[in-house]
Amino acid sequence: MEEEYFNLPLRHHEEKNPFEDENRCPTLEGAYQQVLDIFLQRHPDGNKKLLDDAFRLAYSAHAHQCRKSGEPFFFHPLSVAKTLAEWNLDAVSLVCGLLHDTVEDTSITHEEITRQFGNEVGDIVDGLTKLSKLEFHDRAWLNAENVRKLLIAVGKDVRVLFVKLADRLHNMRTLGAMREEKRRRIAHETMELYAPLANRLGMGQVCMELEDLSFEIIEPDSFETLYDAVQAKIQNNTAQAKDIQMTLESLLVANGVQAKVFGRVKSVYSIWRKMGIQKKELDSIYDWLAYRIICNDRTSCYMALGIVHALYKPIPGRFKDYISLPKDNGYQSIHTSVLMPTGDSFEVQIRTNEMHKQAESGIASHWTYKEGRIANRQELNQAAFLRRMAELHQDSKDSNDLVINLKEELVSKQIQVFTPKGELKSLPEDSTPIDFAYSIHTEIGHHCIGAKVNGRMVQLKHQLKNGDRVEILTRQDRKPSRDWLKIVKSASARSKIQSFIREEERHQAIDVGKERLQKDARTLGVSLDSPEHNNILTLRLEELNLADWDALYAAIGFNRISSRRFLEPLLPDEVRKSKKGVLALDMPDTILVDKAVGILFILAHCCKPIWGDDIVGYTTKERGISIHRTTCPHLNSNAMPAERRISVAWGVQSRAVFDVEVSVTTFDQPGIISSISEVLQQAGISIQRFNATTTEEGTASINIAMRVKDRNHLVELMGKIRHIKGVNTVQRVKGSVFSRQRSH
């Protein structure tokens with residue numbers, strides 16, 4: 001593949017139809033012929049009839065549809081198929097590219113596609129149809145159900161992901177006709193999901209283009225300014241850059257190394273990100289310019305490296321041999337940064353033709369599909385990534401854990417460490433021996449008690465470095481600890497630990513639930529051994545959507561359902577209508593849990609919920625259920641897994657009062673504290689604590705601990721304080737400022 005010298009991506013307003021030839025827009029038939037030519041050039045024996053049939057069906061289905069830009073809609077499926085052909089994919093992939101929007105946007109059904117093209121095509125198109133409904137409504141990333149759809153679809157056939165990436169690439173190139181809000185939403189989707197997925201599959205060129213196109217939409221001013229600056233830098237350095245290229249080419253030839261030399265400019269988004277991370281200006285980013293030396297074989301790569309270092313002085317610490325130690329996504333290349341006599345620097349990347357093809361297109365560059373599995377000339381690291389994605393779906397029973405784990409899997413930087421036998425393992429940066437143990441085998445992770453790193457004993461929280469040699473020590477009676485979740489870095493290890501702990505807790509909950517049911521049944525005078533009662537209760541399981549008795553015991557053990565609620569059909573009317581046999585609540589008539597009573601509750605100190613707040617319950621092991629505000633940050637931590645949360649709601653409001661704290665910022669002026677105290681006194685507020693501090697800037701911070709009736713009472717009170725002259729802000733405090741002050 002020929003490369004343009006120092007090529008930068010086109011901006012959205014410069015994009016052209018990928019099928020245009022000499023400014024003439026082709027017919028749809030002509031565009032399809034281009035797709036066919038590219039495919040047959042790479043696959044001379046490819047199934048042309050299958051493609052022809054797909055073209056005719058999709059052409060007919062989309063015949064009267066147009067895109068926002070006004071052009072025929074069918075140019076989009078053709079563009080997707082063209083990209084897939086350029087990625088060297090098979091006929092089935094191209095067929096799915098042509099048909100990927102038919103079920104979603106036309107009257108064609110999934111059954112019709114399956115009947116005409118077979119189950120393989122039908123399954124991929126079905127997966128694509130489901131993925132087309134994934135929506136990002138804000139920066140909160142994907143919701144849990146959508147993540148499952150993604151992993152299920154990709155797990156069945158990774159070609160779903162290839163077609164989706166080609167689809168997204170063309171959509172990103174042609175967003176100009178859409179309204180700004182939708183452009184930004186799609187750009188955020190792309191930056192946070194599809195670009196990282198392309199990167200983890202080794203599809204570097206696709207990742208960079210998606211990032212640049214997204215960056216242009218999300219930060220248009222920054223993009224335009226930096227784009228112009230890079231263009232100017234290219235123009236100012238063109239003569240020098242060509243001299244370097246010619247010098248490298250001539251020296252390689254003189255030393256008998258057959259190779260091609262290309263210039264490459266770092267992508268705009270990559271430069272912008274590096275400038276932000278390193279807090280540098282463009283002139284200080286030395287690797288904005290790089291040369292790629294493409295050799296015929298691996299040996300020539302190392303010969304070329306020697307020639308480069310003989311000509312230019314290498315910069316210490318800027319040498320990476322990704323040929324001997326490939327990246328986690330399969331990327332292979334030698335990277336070195338060198339200094340010229342002028343003091344200027346540039347980067348050189350050295351690789352073989354095959355490595356270059358792999359770096360541009362990743363797993364798609366030499367993908368074949370055989371008997372439902374990946375079949376390549378060698379085992380690919382990308383396949384390991386796909387397996388990890390499948391494991392995340394299988395191990396993560398909790399959907400929120402799944403979202404967090406997948407996101408970490410996509411964005412984490414990788415290091416490479418060795419087993420005692422020299423096998424290479426890729427792990428996220430700052431991984432621990434626990435991460436390493438789980439990368440070898442789940443059981444080794446579960447029983448890990450310690451590790452040796454480079455022959456030295458280390459703690460389990462020790463952070464591994466690139467090139468470490470790690471030996472794991474195990475013991476059969478060791479089990480994972482919840483504390484491990486605080487130190488592991490890999491999504492795979494975290495998911496397996498969560499799965500183990502969840503299963504352990506489920507077994508404990510089953511034992512607790514069974515004992516509680518038997519005890520409560522005796523209290524209520526119900527015989528569980530009676531065949532008649534057993535039949536009624538078996539039907540009761542179905543009514544409550546419980547799979548079996550163990551599911552019931554677990555639900556009771558986790559306090560998701562009360563024994564009384566389960567036994568209700570067997571209770572006498574007078575018992576059902578009264579509270580006889582029901583354990584006393586800690587706070588009578590205040591909180592309902594799934595419309596059941598009989599469980600101990602406490603109000604969490606970390607967020608101090610009051611009547612009227614949106615709340616959620618969390619099952620503790622010793623204190624019953626703790627009630628949290630739904631916005632409590634502790635609920636999103638690994639220490640509070642989602643499977644132990646239950647639905648809660650405020651019941652009939654009692655005469656109880658609730659502890660709450662507010663923080664007030666004011667100008668430091670006479671009488672301000674007196675004014676606030678007067679408002680509190682008039683409202684009949686019971687003040688528990690009160691303190692104030694001032695700053696040299698002339699402001700004051702006042703913290704008040706008090707008791708209120710409910711949320712409306714608090715909102716009304718905060719409004720009155722806010723209207724006092726000199727008050728800047730009034731905010732409710734999560735937890736307790738006073739307890740934090742004492743701890744300090």
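Angles under 35 degrees count as roughly parallel, over 145 as roughly antiparallel, 65 to 115 as roughly perpendicular and the rest as oblique. The model is predicted: local features need pLDDT of at least 70, side-chain atom pairs count only at pLDDT 80 or more, and totals for chains, interfaces and linings use all residues. Residues are numbered from 1 along each chain as its sequence is written, and side-chain values use heavy atoms, with hydrogens and water left out.

**Exercise 1.** Determine how helices α18 and α20 are oriented to each other.

*Solution.*
Step 1. Locate the helices, which are DSSP runs (H or I, at least four residues) numbered from the N terminus. Helix α18 covers residues 433-440 and helix α20 covers residues 491-524.
Step 2. Take the angle and the distance. The axes are lines fitted to C-alpha atoms over the stretch in contact, and angles run from 0 to 180 degrees between N-to-C directions. For this pair the angle is about 85° and the axes are 9 Å apart.
Step 3. Classify: α18 and α20 are therefore roughly perpendicular to each other.

**Exercise 2.** Find which residues of α18 and α20 meet, and sort them by class.

*Solution.*
Step 1. Contact means heavy atoms within 4.5 Å. Ile434, Asp435 and Tyr438 of α18 meet Ala493, Lys496 and Ile497 of α20.
Step 2. Nonpolar residues are Ala, Val, Leu, Ile, Met, Phe, Trp, Tyr, Cys and Pro; charged ones are Asp, Glu, Lys and Arg; the others, Gly among them, are polar. The contact of α18 with α20 has four nonpolar, no polar and two charged residues.

**Exercise 3.** Describe the salt bridges of Lys48 with Asp52 and of Lys49 with Asp53.

*Solution.*
Step 1. A salt bridge is a side-chain nitrogen of Lys or Arg within 4 Å of a carboxyl oxygen of Asp or Glu. The structure holds 23 salt bridges.
Step 2. From N to O, Lys48 and Asp52 are 2.7 Å apart; for Lys49 and Asp53, the closest N and O atoms are 2.8 Å apart.
Step 3. Lys48 and Asp52 lie in helix α2 (residues 48-61), four residues apart, about one turn of the helix. Lys49 and Asp53 are also four residues apart in helix α2.
Step 4. Apply the accessibility classes: buried is under 20% relative accessible area, exposed over 50%, partly exposed in between (1.4 Å probe, protein chains only). Lys48 is partly exposed at 37%, while Asp52 is buried at 14%. Lys49 is exposed at 58%, while Asp53 is buried at 16%.

Methods
Helices (H or I, at least four residues) and strands (E, at least two) are DSSP runs, numbered from the N terminus.
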